[in-house]
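Good morning, and thank you for coming.

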Number of protein chains: 2
Amino acid sequence: MQYGIFSYPNESPRVGIRHGDRVVDLSVLAELDVFDFDSSVFYEPFLNEFIALGKEIHERARTQVQSWLTGNATHLEAYLSVDEVTMHLPVRIGDYTDFYSSIEHATNVGKMFRDPENALLPNWRHLPVGYHGRASSIVVSGTDVKRPFGQVKTNGMDAPEFRPTERLDFELEMAFIVGKDSTLGEPVSIDEAEDYIFGIALFNDWSARDIQKWEYVPLGPFLGKSFASSLSPWITELVDLEPFRTAGPLQSPAPLPYLASRVERPNLDLELEVTLTPKNGTPTVISRSNTKFLYWSMAQQLTHHTSNGCNIRVGDLMASGTISGKDASSYGSLLEISEGGRKPLTLKDGSERAFLADGDTVTLRAFGERDGNRIELGEVAGRVV
Amino acid sequence: MQYGIFSYPNESPRVGIRHGDRVVDLSVLAELDVFDFDSSVFYEPFLNEFIALGKEIHERARTQVQSWLTGNATHLEAYLSVDEVTMHLPVRIGDYTDFYSSIEHATNVGKMFRDPENALLPNWRHLPVGYHGRASSIVVSGTDVKRPFGQVKTNGMDAPEFRPTERLDFELEMAFIVGKDSTLGEPVSIDEAEDYIFGIALFNDWSARDIQKWEYVPLGPFLGKSFASSLSPWITELVDLEPFRTAGPLQSPAPLPYLASRVERPNLDLELEVTLTPKNGTPTVISRSNTKFLYWSMAQQLTHHTSNGCNIRVGDLMASGTISGKDASSYGSLLEISEGGRKPLTLKDGSERAFLADGDTVTLRAFGERDGNRIELGEVAGRVV
């Protein structure tokens, strides 16, 4: 199922599921005694308490909701139009980690930021490179994003200046939410990894490329990213994605044993789409990508993350890194699409973009379609102000 | 005052203050109606709720506790020996950021990890370099630290191996705890920065140098650090450190205006000491340093952190980075003391250490002594297992 946190006007946020164009209020279902477990979790303002109940309860919730939906499709007070409600950040995020798992993205960025001849660094094919991100500034889809100030020093400048970023970018990512606590000092094996994943959501890791470029050596991205990241409001349970499983790219060299998955289809085949809409303008689809391009799977990311004993907690978020395909029509950031700003993109209204302009709205969407199955993952949108 | 979270055997953790060799149980004082504000915060298992009440309440707490202490020194049920209680992690840490604010440390590490001729990177003197760390694996002093496994590829190896770190290290750091929420999109100015700091504590940012070296380019330290970091149990309020304020090193070039402090003495003069105690062995003091060596002040760190609009929250932790002085007797890590492992240190028991051995306990201590004032900040200790 797809879980989110919504509120009616003047009421406190609570748990709902997405059902087509409607939201089903699980707190109403709790009052109707639909559940045989402690359903007070559905009155919480975040999904963490529900998630922490574990997969067996999630399975019971699914069965009980579906059975109720089948029998009570006209029980109106539980149904809301998605337009009537306000969506909130679905999870209280503990730690947020951002990976760098698309080989095309890592290669493209390596060419621009570092050495075109050796774009992919020596460690990249051996481990899912990642870094810790900022959890406090993760916002729900629909939240405006303020153009950040920061220190910038570009070629030709004698000294850095503090000014608004001129290279504001989006990053097309998929994130997963940790569904189970692990213990400090105890790695999660690759075979167990998926038991620790509750579900996935779309993620836009907004980036200020000029700030990032000046600050990131040697300790990694910091203020070039931490001004905002946007999460879609609906978390799709991993089990709903079974029909969309697929093999990932061939990993060469073979991963070390602790990262070697025995799962045949560790990746997901989900179509991704990025739309840029200028202020009062026409939307232009500027990229179409797919989660199947990711070189490192979610299970590999999670196992690597805990391989040193680092503990994970319910509500932690791990993002994939920008998901780019092989050619420019599938690149997941403007940095790549515009080749570092050198080749601006022309939008449907005729205007050009090397990076984002004030008033631009970026919308990421995802869906799966395979063998007669279809799933919508919804969208994550944000406007630059 | 110095606040911490303690528990009696078989009772739940609650708030206390350190008073010499004793702990004063503030929940007992709450029952005795010592406070004129909502003192339910003293029954909480973390300091966050108390901290969130703000500096005016902290001031009232101080006055009311001190007045009670003066009048009721024999009221025994409120007093406990520090040996009778168990100390816990004092704050529920939201986001943890680690800076890199000692010029000596950055220079020493730059020489070893990168270019000896250009050890200090171009951005270092312009901004307090920092990165996001892992909050979930921060533990209270006294918690054992398990030697982590990780991918390592050293010179001469054809491919990386997954194995226990052979270069386990400590880092001598001071951390501060954020005392007030800021708003996303609204930077905290350098003049306001100290209003957002509740207090400080000792911090050991354990590091696995071989794991770190292989993974950290280009996105920064990740699993080389996230297996554990240790925090001292007592948080010393910033106001108690007034007598120990001092000027920092001359900053050259002058910081950009947003980082230019008008405070004359933005740094702290606190003596730091690192002791290494082998299993069943004799303690050896292996370093003496001082917080006054830090190039970037806490206010500058905090202001820089929020300068892009990134919001901070009560309970966030910001650590200084390793605090090294000018010579080897004041270096804040074994990496520096042993010159990257080449010059092992001889301990009092005759054994040698390039990096930490199993069974070693590292203890960091801090105190201030100035103009007749003395303050003990306590210690943070951890044993390698």
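**Two domains and two chains**

In chain A, the centres of domain 1 and domain 2, taken over C-alpha atoms, are separated by 30 Å. Domain 1 of chain A covers 2-88, and domain 2 of chain A covers 96-268 + 289-329; such bounds come from an automatic or database domain assignment.

Please keep in mind that this is a predicted model, in which local features need pLDDT of at least 70 and side-chain atom pairs count only at pLDDT 80 or more, while totals for chains, interfaces and linings use all residues. Residues are numbered from 1 along each chain as its sequence is written, chains are lettered from A and ligands numbered from 1 in the order in which they are written, and side-chain values use heavy atoms, with hydrogens and water left out.

I begin with the contact inside chain A. How much area is buried between domain 1 of chain A and domain 2 of chain A? The value is about 1500 Å², and carbon and sulfur atoms give 61% of that area. Buried area is the accessible area (1.4 Å probe) that two parts lose on being put together, summed over both.

Between these domains of chain A there are 2 salt bridges, a salt bridge being a side-chain nitrogen of Lys or Arg within 4 Å of a carboxyl oxygen of Asp or Glu. Glu237(A) and Arg62(A) form a salt bridge through their side chains, at 2.8 Å from N to O. On the side of domain 1 of chain A that touches domain 2 of chain A, there are 9 nonpolar, 6 polar and 3 charged residues. Here Ala, Val, Leu, Ile, Met, Phe, Trp, Tyr, Cys and Pro count as nonpolar, Asp, Glu, Lys and Arg as charged, and the others, Gly among them, as polar.

I now turn to the two chains. Contact, meaning heavy atoms within 4.5 Å, joins 55 residues of chain B to 55 residues of chain A. Chain B and chain A bury about 5200 Å² between them, with 62% of it on carbon and sulfur atoms. Within chain B, the residues that lose the most area to chain A are Arg134(B), Leu219(B) and Phe222(B), together 16% of what that side buries.

How many salt bridges does the rule find across the interface of chain B and chain A? It finds 4 salt bridges there. Asp95(B) and Arg134(A) meet through their side chains in a salt bridge, at 3.4 Å from N to O.
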